[in-house]
Amino acid sequence: KPESIALAVFGGIAGLAALLIGAQLIGRQLRLDAEDLETLRALGADPRMTTGDGLIGIVGAVVIGALLAAGVAVALSPLSPLGPVRPVYPTPGIAFDWTVLALGVVVLVVALSALAIALSSRNAPHHAEQRARSTTTRPSGVTGVATSWGLPPTAVAGIRFALEPGAGRNAVPVRSAMVGAAMALIVGIATVTFGASLDSLVSHPALYGWNWSYELSAGQGGVVPGKHATQLLDADRYVAAWSGVYFSALHVDGQTVPVIAEPVGSAVEPPLLSGRGLENRNQIVLGTVTLAQLHKHIGDAVVVRNGVTAPRHLRIVGTATMPTIGVSGNQHLEMGTGALLSTQLLPPHASTGYQLSGAAPGPDAILVRLKGGTTPDGIRSLRAFARATSTPADYGVSVLPVQRPAEIVNYRSMGTTPAILGAALAGGAVVALGLTLVASVRRRRRELALLKTLGFTARQLSSVVAWQATVAMVAGVIVGLPLGIVLGRTLWVLFAHEISVVPSSSVPVITVVLIVVGALLLGNIVATFPARIAARTPTALLLRAE
């Protein structure tokens, strides 16, 4: 489940990226056909004809592209499934999931066709003429600032090209370039933020329920001697806090639920997700999955039966991330499943431990939080404690490190998959940005020809395009940086809630800075080809056409 949720998140990002890239390309194609539509309108074509003229080819391209995407998905199917299932998957090789493929093709065709219809209607000559009459083209304020600061002509021209869309047949898709740059940043930063949060989850056991350093666990059928443990742990200078716990399985509203019981007000307990911890014996804290299975909410009451004493009505006061810990028959706690309650609610024999003959009474286990984390001195001290409390009457006491749930082990097996998916999505956005820059330079050919006539060299024209790309990327950074962080954190919080862990997100500052710097460099690299087009602008032919 967790791995499928993570891949679904990346699938959603990929779908959004596909729609944005498709919208950019469709809009560019419609703008290229704008002059032909003006000619059709002059010959008497009505708005419906001009709107639908370019749609046949675009919708056809959308259908063909969606079918090709399905073919690529089938071709890549031998690479699936990812993760720990792959070595034991019974039917490797080519797979045809017609339900998913058909739904994907339909969604792509319908969504992109709807975008094409909307953009075609917006770019239709009669709508374009109405917008031209209602709007006036004004120079960009940033261009004026650049001029007042005394920036070189190449910089001023590049800034103007990047920010001023122009009008009529000289209109340039400057917004598309900025949207493309922002989209590339959003996809990249959201991906690394999500990936960093995933790495943080795996490396911080407290986020998935192990809110202590070590567990002192009694052997099968034994207990940790309570009185002796209290004396030794209270005097241990390496121990910051500890709590004795008992494991059992009780009936909560008729369902068998694994529970961890400890005295009210214990210093060590599973991390809370919502609400508060135990404050008296008439309260209970549940895992989020158990809460959903019981169809309850915080503040509701549940009936708890232990099979010995009378049923008790307990108030749900919070939810917690349950650790993978404890065994009671076939029941054990795990992330999202289980309950935390007072030891006073356990059967009398459970609250004193399942004792072997001659064993001292005590809890099933002791949860210990060391000062400064898992230091070597602290570990040696706990091992000495285990030796001191083990007797011939029981199976001894073991020092157990963090016990990772299967979900966490599965996350680690994903390896670099999130990074590869994010890089592929960002690469698609960069390609779309490059196509937009090429289209923008082609639409500026007349202005570039005028600059060339005024004395701009090929190098200066390339510099103009470089400034144009840099300004577009800077605008993309301004928009994409915060939105990418917000999107990555939001997706992570939703993901954390789905798997019942503490929703603590992590933003990799150094990686984000490198992405921003790389985006600026990559934008200029992508602009190399349009810059060469600008340098070879046919001045005489263009100006004679004017």
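Analyst: Happy to! Let's begin with strand β1, where both faces are covered: Y214, L216 and A218 on one side are buried, and so are E215 and S217 on the other. Keep in mind as we go that this is a predicted model.

What does β1 pair with? One partner is strand β9 (residues 365-370), which runs antiparallel to β1 and is joined to it by 4 bridges. Within that pairing, S217 has A365 as its bridge partner. Strand β10 (residues 397-400) also pairs with β1 in the antiparallel sense, again over 4 bridges. Here E215 stands opposite L400.

Next, look at T321, which sits in the loop between β7 (312-320) and β8 (339-342). Is T321 buried or exposed? Its relative accessibility is 0%, so T321 counts as buried. Its side chain reaches the backbone oxygen of S500 at 3.2 Å. Leaving aside neighbours within four places in sequence, the residues in contact with T321 include L207, Y208, P270, S500 and V501.

Two of those names, Y208 and V501, lead us to the largest nonpolar core, because both are among its residues with the most contacts inside it. That core has 22 residues, and F194, L201, W492, F495 and I499 are also among the most connected ones. Helices α1 (2-32), α9 and α17 each supply at least two residues of the core, and α9 gives the most, with 6 residues. A second, separate core of 18 residues includes V252, L286, V304 and L345. As background, nonpolar side chains in soluble globular proteins tend to be buried together.

Now for the aromatic rings: a search of the whole structure finds 5 aromatic pairs. In one of them, the ring centres of F96 and W98 are 5.3 Å apart and the planes are at 20°, so this pair is stacked. F96 counts as partly exposed because its relative accessibility is 47%, while W98, at 58%, counts as exposed. Another pair, F194 with W492, is edge-to-face, with 5.4 Å from centre to centre and 75° between the planes. This pair links distant parts of the chain: F194 lies in helix α9 (residues 174-203) and W492 in helix α17 (residues 458-499), 298 residues apart.

Finally, let's turn to charges. How many salt bridges does a search of the whole structure find? There are 2. In one, the side chains of K296 and D253 meet at 3.6 Å, N to O. K296 lies in the loop between α11 (288-293) and β6 (301-305), and D253 in the loop between β2 (239-252) and β3 (255-262), so the pair ties together parts that are 43 residues apart in sequence. K296 is partly exposed, with a relative accessible area of 23%, and D253 is partly exposed too, at 32%. R276 and E279 also meet in a salt bridge, at 3.3 Å, N to O. R276 counts as partly exposed at 38% relative accessibility, whereas E279, at 53%, counts as exposed.

Conventions: Residues are numbered from 1 along each chain as its sequence is written. This is a predicted model: local features need pLDDT of at least 70, side-chain atom pairs count only at pLDDT 80 or more; totals for chains, interfaces and linings use all residues. Side-chain values use heavy atoms; hydrogens and water are left out. Rings of Phe, Tyr and Trp (its six-membered ring) pair if their centres lie within 6.5 Å; planes under 30 degrees apart count as stacked, over 60 as edge-to-face and the rest as tilted. Buried means under 20% relative accessible area, exposed over 50%, partly exposed in between (1.4 Å probe, protein chains only). A nonpolar core is a set of buried Ala, Val, Leu, Ile, Met, Phe, Trp, Tyr and Cys residues joined through side-chain atoms within 4.5 Å. A polar contact is a pair of N or O atoms within 3.5 Å; within protein, one must be able to donate a hydrogen and the other to accept it, and residues adjacent in sequence count only if both atoms are side-chain atoms. Contact means heavy atoms within 4.5 Å. Two strands pair if DSSP finds at least two bridges between them. A salt bridge is a side-chain nitrogen of Lys or Arg within 4 Å of a carboxyl oxygen of Asp or Glu.
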